[in-house]
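Please start with the space inside the fold, and then turn to the strands and the disulfides.

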Amino acid sequence: MFTLQLLPFLVLTLAKAQQQPLLLPGSCSFEFSTCGYTSDPKYATWTVNEEGRFITADAALMGSKDKAVLLSPDLELVDWGCLRMVYQITGKGSLQLHLRPHGENFDYTLWTSEKPSDSWLIASIDLRNMSQTYQVLMEGRPGKEEGNSVAIFEIHIVPGFCIECDFEEHHLCGYSNQWNPNVNWYVGGSLARDPQSDLPDDHTMNNERGHYMYVDSIYAKKFQEVAKLLSPMTTTPMSGCLSFYYQRNQARGNYFSLLTRDELGHYEELWRPDAYDTTQWKLELVDIKAPHPLEVVFEVAFNSPRGGYVAIDDISFSPEFCHSETDPNFDPSIANCDFEEGFCEFHQEQIEGSVWNRVSVKPNVYRVGDHTTGTGSFLLANTRFTSRPGYVGRLHGPVLPGNHKYCLRFYYALHGFMKIDNALALYIYDEDNVAQEKVWTVSESSRDVWMEVDITFQKPMPTKIVFVTICRNFWDCGLVSLDDITVTIGDCRVTAGPLRPVPGQCNFEQGECGYTQERKQRRGGWLRMRGQTPTSYTGPRADHTLGVGHYMYIEASHMLPGHSARLLTTELRGVDSPQCLVFYYHMYGSGTGTLSVFLRRHDNRHHYRELRYRDSLLWRRQGEQSISWMRAMVDYECYTKHQIIFEAVRGSSIRSDIAIDDIVFKQGPCKDPGDSVQYSGFSENFNEIEY
């Protein structure tokens, strides 16, 4: 019998192979030095092992700190690179890898693990080429108990993509075998194999010394036993041409396919071979699109122990598609619309008058404004627009290509409905205006609250979304509002959204985002709230993000007139370009006080608490503004470390609740500089709707 080398699940090392790969700056073995890596002094210290060879964050040395952050030297990446890190989590703990681009306030989390092990593991993280310098951060959080630790053995940064591999190195580029009792992927090649074996020579070196991956049916015992070889999970969006070489023996006895698997475990088949037996290495080119994290899966199923073998080698990737007929990456934003400038690409069926009309509500204390700004436009379906007491209104979106998974998000609100049956539903239509599926219908009244809905859908043919509202008679119907429609590629559960905010965004759904409070008196403070505030005739009915989510507010009944509460963001690094702060605020109540935004610059010579008198006012609103959530957009510049402060001052009565939500920091200047409302104080435009 020839020797089988089973692909290990627990990769032990990034040991040197016969051909040492080119290592880019930022690589380090921690054998003789830390290669320019340093511990962030604000946190606990990473410690080099006395005998060298690895660096660790140990619970016994953390003191009162809960994490240790290891900073790389400044790096430049002209072309795409792959960072491979050998690490170990002992006991309880976690390890995260962040990317810190220079010129930006926030870090981007690329990878995280909480998996403990008694041996070294390997992580593969894609690094996209960037125009500016950057740093890589390793954040270790060992559990508090003694014996917990997080260690890093080696960091290798190499040119290319992490899914590329020639299998010549012992770490196998992070590829792993999904273990099966009988059939598995093995490392083939080397001089140790059985001379009677019919397995091929390696493709990379074209001799017996090289290595490749193969799976053999010799141990198959059941019908269609499956072996899976999984690539590392991609960590940044990528699309292009995946190429590899394969050989296939006795192919009528096996099934060979290439698939992708997303974070939710969903598979999608990309390719099956068109050749049965291939006695020579055959090159295959497959176009792949990975807008979100994916694994590439090589899958082989056998019908019997005489199903032959399949071997693969030299997997590579190019950012250019292999085939000219492959559709380029489609931008689904053509279906986005906030109705501020019109209907965008949407249109309605013109039957006995327009059911859907674009309207706006001036700020007032009786009618909720639009979701986008609080003062802008949205779509409204109402019987007053039609010549009959009932109607069927269909709003058609643009046609979207088939064979894509889409995430649709939109906001709706209902007012005055006796029955909500057929008030609003969402259908998927084909190009010929034939309904393919009803994917959603309103299930409960929104009580004049903007409610967020997300729907994931996929069809093989080109389709479009159609919103349908039906009013059977005047007395049962009310007002149906629609706003802020967005469509992105991918499943809603893995795309950026309310429950997966991007860096620099805080909607308080997962907590308080590390924000802290600065109180001048015991009573009062910012509270995280869901639903309506306790005091009547003040405060929001719901949050701005979801309609059923969380926001921060001050409860005026817990405070005295003139008392204030301050909410401070996490520390921002400061950049040499304009910044734009966007947030939503709610100031409703006859005794409403003041909401202010301050910029607090940090000075290395003093603790920041000593700089409170140097706080600079950026924005302020005083008195009752509207029953709606209102958008504020604030431009500012700061080149040094700083914080943003939200200060709420309680007004003359308990009807003085003030709330904030959906805070976003982004590169400026703001597209619409200044606040969306050009006045401060109470509006006299009661319940005025502009059609």
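1. The residues that line the largest cavity divide into eight nonpolar, six polar and four charged, where Ala, Val, Leu, Ile, Met, Phe, Trp, Tyr, Cys and Pro count as nonpolar, Asp, Glu, Lys and Arg as charged, and the others, Gly among them, as polar. The lining comprises 18 residues, and V368, D448, I627, S628 and W629 are those that lie nearest the centre of this cavity. Its volume is about 200 Å³, and the structure holds six cavities of 30 Å³ or more.

2. A word on the basis of these values: this is a predicted model, in which local features need pLDDT of at least 70 and side-chain atom pairs count only at pLDDT 80 or more, whereas totals for chains, interfaces and linings use all residues. Residues are numbered from 1 along each chain as its sequence is written, and side-chain values use heavy atoms, with hydrogens and water left out. Cavities and pockets were found on a 1 Å grid over the protein atoms alone: a cavity is a set of points where a 1.4 Å probe fits but cannot get out, a pocket is an open set with protein on both sides within 12 Å along at least five of seven lines, and lining residues have an atom within 4 Å of a point. Grid points are joined across faces, edges and corners, and a volume is the space filled by probe spheres set on the points.

3. The second largest pocket holds about 1400 Å³ of space, and of the 44 residues that line this pocket, T486, Q505, Y584, V664 and K666 lie nearest its centre. Two or more lining residues come from each of β26, β31, β37 (579-587), β40 (630-636) and β42 (658-667). By class, this lining has 17 nonpolar, 15 polar and 12 charged residues.

4. As for the chain overall, there are zero helices and 43 strands, helices (H or I, at least four residues) and strands (E, at least two) being DSSP runs numbered from the N terminus. Of the 691 residues, 56% count as buried, where buried means under 20% relative accessible area, exposed over 50%, and partly exposed in between (1.4 Å probe, protein chains only). Among contacts with a separation of 6 or more, 81% are between residues 24 or more positions apart, a contact meaning heavy atoms within 4.5 Å.

5. How are the strands arranged in the open sheet of five strands? The order is β22-β25-β30-β27-β28, and the pairing is antiparallel; two strands are taken to pair if DSSP finds at least two bridges between them. At the edges stand β22 (347-348) and β28 (435-441), each with a single partner strand, so one side of each is left without a neighbour in the sheet. Strand β27 (residues 425-430) runs antiparallel to β28 and is joined to it by five bridges, and the bridge partner of Y429 in β28 is A435.

6. Strands β26 (residues 406-415) and β29 also run antiparallel, with seven bridges between them, and Y411 stands opposite E452 in β29. Because five of the seven residues of β29 (residues 451-457) are buried, this strand is largely enclosed by the rest of the structure.

7. The whole structure contains eight disulfides, each a pair of cysteine sulfur atoms within 2.5 Å. One of them joins C407 to C492, with 2.1 Å from S to S; the torsion about its S-S bond is about 110°, so the disulfide is right-handed. C407 lies in strand β26 and C492 in the loop between β31 (479-489) and β32 (505-506), so the pair ties together parts that are 85 residues apart in sequence. Both C407 and C492 are buried.

8. Two further disulfides deserve a look. In the link of C337 and C344 the sulfur atoms are 2.1 Å apart, and with 75° about the S-S bond this link is right-handed; C337 is buried at a relative accessible area of 4%, whereas C344 is partly exposed at 44%. C506 is joined to C513 at 1.9 Å from S to S, with 85° about the S-S bond and a right-handed link; here C506 is buried at 2% relative accessible area, and C513 is partly exposed at 37%.
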